[in-house]
Amino acid sequence: MPTSPNTQHIVVAGGGPAAFRLVDALTTRGLDGRTVTVIGEEPHEPYDRVNLARRWDPESDLRLGDAALWQRDDVALICGERVSSVDREDRRVRTDAGRVVDYDELVLATGSYAWAPPVPGADLDGVHVYRTIADVDRMRDHVASLVTKKTPTALIVGGGLLGLEAAGGLVNQGVDVRVVQLAPWLMPAQLDQGGGQALGRLIKDLGVEVQNDVGPQVIERAETGGFAVTLTDDSVVAADLVIFAVGVRPRDELGRDAGLAIGPRGGVVVDDTCRTSDPQIWAIGEVACLPERGCVGLVAPANAMAEVVADRLLGGRGTFPGVDDSTKLKLSGIDVAVFGDALSRAPDCLDVVYADPARGVYQKLVMSDDGRTLLGGILVGDATAYASLRPMVGRALSGEPAGYLAAAGTDLPGSGDLPDDAQVCSCNAVSAGTIRGAVRDGCSDVAGVKACTRAGTQCGSCVGLVQKLLNTELAAAGVEIPKAVCEHFALSRSELFEAVRIAGLTSFTAIVERFGVPRPDRTANRGCDICKPMVASILASLHEEYVLSDGRGTLQDTNDRALANLQKDGTYSVVPRIPGGEITPAKLKVIAEVAEEFGLYTKITGGQRIDLFGARLDQLPDIWQRLIDAGMESGHAYGKAVRTVKSCVGSTWCRYGVQDSVGMAIELELRYRGLRSPHKIKLGVSGCARECAEARSKDVGVIATDKGWNLYVGGNGGFTPRHAELLVGDLSDEVLIKVIDRFVMYYVRTADRLQRTAAWIADLDGGLDHLREVILDDSLGICAELEEAMDRHVSSYTDEWAATLADPERLRRFRGFVNAAEPDPTITRVPERGQWRPPHDHERDAAVPQIAVLACGPTIPVRGR
Ligand SMILES: Cc1cc2nc3c(=O)[nH]c(=O)nc-3n(C[C@H](O)[C@H](O)[C@H](O)COP(=O)(O)OP(=O)(O)OC[C@H]3O[C@@H](n4cnc5c(N)ncnc54)[C@H](O)[C@@H]3O)c2cc1C
């Protein structure tokens, strides 16, 4: 039945994401007289299955794209009917409602079904699977029906991505969840052992029990209601609900019955144009069995196949570009991402692994055998780097791979400068170049870029990177970048600070609920890697509490979470506070003993204190204890906080000194220690105009005069060094401290995230003069409040190291891993100038394990000068 192209009728069997994408791609390209009929058996328009977890809130909208798509004259959508047969000879399909629809081209987009193993009892009412809106609705109704139960219980069979998502959803419904699986660790298809075990701990922290190496043997109704599930180890578990999440199987029955070629493990066989063994029939999405790959259970390839078929149906020559297995788990509070060759399958590839049990983090980069090209990776516990690293797969990293992992939580090198062809959104195959083009064409915010390019509209993991590219492009065009923190808060940091302060809120959840940008689909706004640490910092500045309390640990930046500074080999450095640089010989002796005992490299810092490098995470509590016993405390070298107050020796010893700079430095350092701020704050006090403390390179510089103190503000070293400027001169001790209190608190409240004082002052309308008016003339009437806030901070200060040691629960973060006390064989050292340091690449063969260093004690081979 030859027909002219422009009267062609395309029929799509199946109404899931692949069908939606096909129709969207066809209509975007232009149907040009052709017509499309989509027949889906579910009673809904095609919806976003990837975000099915949102359906736990029955109000949420999972619709894909614009509803107008289905109102077009050339598109027909039939919901709630199953295509029951395909007549290839007459080119027509029949539905279970008896409808017959002719086609010129047929596209199978029938997806997969959730498979349940043939376990006795798996078919009982109350045993669920997790694939469709109806499945979630059934589970929610089931939980709601258990009104007499204080805490309903659920047994989830399967510890893969879907099982864990189901677990997260049920936990949020107040259900006690246990996950059992035959595999030895979670998400075995995507994660290696280290990643799976780290994920297991994070899942347990959510309150989910996990049992590996067991499966169900038989499911029976329990006499008391619910089920008794006998496991393969013969134990019996009681559960009100049982959910199977053990895998999917392709819905290839239409193709099978119609005699199309079927893959050895199911699925309708297609070539690289997605054409089946019948030239008039195509298959896309999870039902398609790809050459050499089989069926793929991810949405990005489904979208790519839909684009290829749309192109072909309209006369193009597109071919399937290949599968990107990258994925990110969407479980509340837990980051898991895998990309590229995550399981290190490439011959001779090298793994760079970083594990930090305190933060619950496991990260692995798989590198080519020369250690330069990124092949893939696994990020568990902190997937901040995912969006930036994934587009780099197959490309050389600029810098040490470990640096990318250690850099998590901060800007990754060059992520705003990705090459144009790097893929930013893998779900929708959007490149950096396409995003840049959209910005150049007038998109000025993330929402605009999303609407214009589709980037970030599916799993959302690339939105942070989209924002970064947008900002870079806007900045290059000289456009002012909006001050909104990120897409989750429309307020600037200072506005949010004030809002949180006035509302008296104390948790991220409460803040995001009250001040976050409501999501269009009314699902929970969960924040991102930009706003979460910033809110943690605001809470730490406002409420004088242990920084890791009340779940704030997961919000913090890398170093804050370990209360120590992460170094490039995965060990930590420890910096005790040495106020004003003054230290007794007894304390020096203890620092020396600790350094020898734990094999730590010792260096005097630029801030007049002593940095002890090379401690393992599990050694930190013992090191802190020793230092605390000797009267020392945390120096907050890890925090965006007040760091040090550098001083010269002052009038006590120096012939030129006119004031006691050491005494003042100590007073200031003890006053402001532990104060969390938008960025680090450094102070300096010089005892005379010779300025030996280099106070004018500090955020707050104090220089003695014969009448008192001159106060300078807004200096810094670093990338763009700035000299501090004189704010006010000849102050008494008492007034000096009052003015610094006001200055620091005003900065903490009103600066932007990661803005040093110099940039903050430059941004103030009126600059330094405005500052003088506010904190000297009290033009805003807030000085008393600023002083009170500082007094509250001073009186409630506690040492974070001591607070950690005093609480077994907090200590667990440092001893969390069962094998934490085992020396890590990958940490190695070489001797240099009487100390031990990490080896450079060319020294690795000669390096000794850290354990041998410890056995060596103070006897260290001397090499070098
Ligand atoms: C909870 C969950 C979370 C997921 N998370 C992710 C993720 O984070 N990242 C990711 O990449 N992927 C994820 N996926 C997988 C992703 O949803 C699928 O890859 C995607 O839905 C495949 O689309 P599809 O259209 O091929 O198949 P499906 O989504 O299965 O849609 C097929 C549709 O066709 C219908 N149908 C079947 N047979 C017939 C017939 N004979 N007649 C009419 N209609 C029929 C089905 O009922 C269904 O509505 C997730 C899946 C689930 C269930």
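Two strands are said to pair if DSSP finds at least two bridges between them, and helices (H or I, at least four residues) and strands (E, at least two) are DSSP runs, numbered from the N terminus. The model is predicted, with local features needing pLDDT of at least 70 and side-chain atom pairs counting only at pLDDT 80 or more, while totals for chains, interfaces and linings use all residues. Residues are numbered from 1 along each chain as its sequence is written, and side-chain values use heavy atoms, leaving out hydrogens and water.

An open sheet of mixed pairing is formed by five strands in the order 32-33-34-35-36. Strand 32 (642-647) and strand 36 (725-731) are at the edges with a single partner strand each, so one side of each has no neighbour in the sheet. Within the sheet, strand 34 (residues 700-705) pairs with strand 35 (residues 708-713) in the antiparallel sense over six bridges, and G701 stands opposite Y712 in strand 35.

Helix 18 (residues 661-672) packs on this sheet, touching strands 32, 33, 34 and 35, where contact means heavy atoms within 4.5 Å.

The largest nonpolar core has 65 residues, of which L365, V424 and V574 touch the most other members; such a core is a set of buried (under 20% relative accessible area, 1.4 Å probe, protein chains only) Ala, Val, Leu, Ile, Met, Phe, Trp, Tyr and Cys residues joined through side-chain atoms within 4.5 Å. Helix 11 (residues 463-476) gives this core its largest share, six residues. A second, separate core of 58 residues includes V500, L542, L683 and L786.

Note on methods:
Axes fitted to C-alpha atoms, helices over the stretch in contact; angles between N-to-C directions. Buried < 20%, exposed > 50% of the residue type's maximum accessible area, 1.4 Å probe, protein only.
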